[in-house]
Amino acid sequence: ARGRLVIGHVGDSRAVLINKGKKKGEFKARDLTKDHNCKREDERKRCQDAGAELRQDDADLPLRVFLPGKDFPGFAVTRAIGDTVGTMLGVSCSPEISCVDILDDSVCLLICSDGVWEFMTSDEASSFLMKESDGGRPEKVQEACKQLAQEAWNRWIKEEGDIVDDITTVGVFL
């Protein structure tokens, strides 16, 4: 191993390690984090045990965390930093911690907000970043991240019309 990454994570941003594939020019994404939302049984149970009401207001929206009988706060995440109402509902600020070895075939760490992941898989985003950076040239990372953010934006507009979630991309070539 060339080193080690330690990841502390809350929410639904995602960290992905991009490794070289078996074929030249091929890359594989490895998710390093799991989204903290009501899709996960352990996360859902913690919020329900704290008295939260979990509901989905529209068919295309995720299950959200509400005060019982109220129309707020409506959290899509089950872990967040700095929200006192959420804490009363089981929304935790405790991060999940993971450690991963950086191997010889590890090329890049990609961290993006949920606005990227809504309409792109980890493999799609990783392949896009690697293509836009000419196979992982560090001097091209900033422009490649901008292009990835633009691609995520375009997919939101295509899918939702005039609604776009937060979009942030960070690429660190290893």
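Trainee: Which residues have the most contacts inside the largest nonpolar core?
Mentor: Ile18 and Leu110. That core has 20 residues. Keep in mind that this is a predicted model.

Trainee: Which elements give two or more residues to this core?
Mentor: Strand E2 (14-20), strand E8 (106-112), H3, H4 and H5. H5 provides the largest share, five residues.

Trainee: And what is leucine 110 in contact with, leaving aside its neighbours within four places in sequence?
Mentor: Among others, Ala15, Val16 and Ile18. Its contacts also include Trp117, Ala125, Leu129, Leu148 and Val170. Arg14 and Ser126 are on the list too.

Trainee: Switching to rings. How many aromatic pairs does the structure hold?
Mentor: One. Phenylalanine 119 and tryptophan 156 form it, edge-to-face. The centres are 4.9 Å apart, with 80° between the planes.

Trainee: Which parts does the pair tie together?
Mentor: Phenylalanine 119 is in the loop between helix H3 (114-117) and helix H4 (122-132), and tryptophan 156 is in helix H5 (residues 141-160), so the pair links parts 37 residues apart in sequence.

Trainee: Is tryptophan 156 buried or exposed?
Mentor: Buried, at 7% relative accessible area. Phenylalanine 119 is partly exposed, at 22%.

Trainee: Last one. What sits over the ring of phenylalanine 66?
Mentor: The charged end of arginine 55, 3.8 Å from the ring centre.

Note on methods:
Residues numbered from 1 in each chain as written. Predicted model: local features only at pLDDT ≥ 70, side-chain atom pairs only at ≥ 80, totals over all residues. Heavy atoms only, no water. Phe/Tyr/Trp six-rings, centres within 6.5 Å; stacked < 30°, edge-to-face > 60°. Helix = DSSP H or I, 4+ residues; strand = E, 2+ residues; numbered from the N terminus. Buried < 20%, exposed > 50% of the residue type's maximum accessible area, 1.4 Å probe, protein only. Lys NZ or Arg CZ within 6 Å of the ring centre and 35° of its normal. Core = buried A, V, L, I, M, F, W, Y, C linked by side-chain atoms within 4.5 Å. Contact = heavy atoms within 4.5 Å.
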